[in-house]
Amino acid sequence: MRIFLVFLAVCGILWAKSPKAIEISYKTYTLGENAFLYMASAAAPKGKVRFLFAGLGGLAQQGCHLGESERYFSNDTDAPSEGEIICGENLKAHFAHGALENVQWQGQKIAPTFREFRVQRATFAQKRRKTSMSITALCSNDAAVQDVLQKAYNMPYQCATMPQVFDKAAQKALKDDVFEEDEVYDAAFLLEIVYFDSERIVFEEITSSYTGGAHASHVYDLRTFSLNGEELDCTKALLQTNLPKLKQRLLQEVQKYGTAAFVDEDSSDFEVSKIIAPTYNGIAFLYQPYEILPYSFGAPRLIISYDEAAQYFAPEFFKQALAR
């Protein structure tokens, strides 16, 4: 036993105990003929179920928010656990204990039905000397969703094997990089669901690294998968003839940030983002921190409504992969 402990000390590698997974629920409520509410919530460690995000699909296409704040919540512990869900004038409901109460759809009180899939989320970390690596992983007992997750991570695993697979992946990632003995380096990889509907799932992928300084460096990506497991590349469907018009339209969205923006309406070096994905309010074009706005804005998303965005994409692709 002593030899084994000495070996660990010499190698400088610490295996952290696999953390308890947080369970996230993704519910699709049927509100009426061709009208749906998509809602995500997470079970907090102390038992409360917290609201993450929601949006309407079908006849009404619109993002929703809880209470007065229109902020998007990830799986953070500061997400609210109760309040009024508001989706424009179409839907109002009370969110409590992870469920909807007093639902009013287009002015009428209803009792919507729902279907659900669940995802477990946990972070696996490894440390070696002054460096660390963490990977936040997802798994689902829903076979179709789990198949999509395996393709997103590009590795086979199930919920039962997730701790072993991702502990090993974090360890391998740490070993594959070469660091100076006294170098401080922290790296993290996060994949989370930021949008879903009856046909597709959108993941936000965040890779961060910290080597000193005011803050870590982050790289963001949005990846769209259909529920049959196919990854959709929205950039390939952009109509090249309409790119100048799209560029000007996106610049109009940037100007809403006023003097905080790094580009103006005459900027020749501004480009149409190659990171494109559906949201509940329209098609999002994602930019990296510092690319068009200061770091405090994170990774800005310039959103164009579905009706307007259709003109910029190949018709068949938009209809099959993006239109809601």
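## Salt bridges

R223 and E231 form a salt bridge whose closest N and O atoms are 2.9 Å apart; the term covers a side-chain nitrogen of Lys or Arg within 4 Å of a carboxyl oxygen of Asp or Glu. R223 is buried at 14% relative accessibility, while E231 is partly exposed at 39%. Buried means under 20% relative accessible area, exposed over 50%, and partly exposed in between (1.4 Å probe, protein chains only).

The structure holds 12 salt bridges. One of them links E204 with R301, with 2.2 Å between the closest N and O atoms. E204 is in strand β14 (residues 200-210) and R301 in strand β19 (residues 301-304), so this pair ties together parts 97 residues apart in sequence. Strands are DSSP runs (E, at least two residues), numbered from the N terminus.

## Aromatic pairs

In the whole structure, 21 aromatic pairs are found. Y26 and F117 are a stacked pair, 4.9 Å centre to centre with 15° between the planes. Rings of Phe, Tyr and Trp (its six-membered ring) pair if their centres lie within 6.5 Å; planes under 30 degrees apart count as stacked, over 60 as edge-to-face and the rest as tilted. Y26 and F117 are both buried.

## Basis of the model

The model is predicted: local features need pLDDT of at least 70 and side-chain atom pairs count only at pLDDT 80 or more, whereas totals for chains, interfaces and linings use all residues. Residues are numbered from 1 along each chain as its sequence is written, and side-chain values use heavy atoms, with hydrogens and water left out.

Key:
Helices (H or I, at least four residues) and strands (E, at least two) are DSSP runs, numbered from the N terminus.
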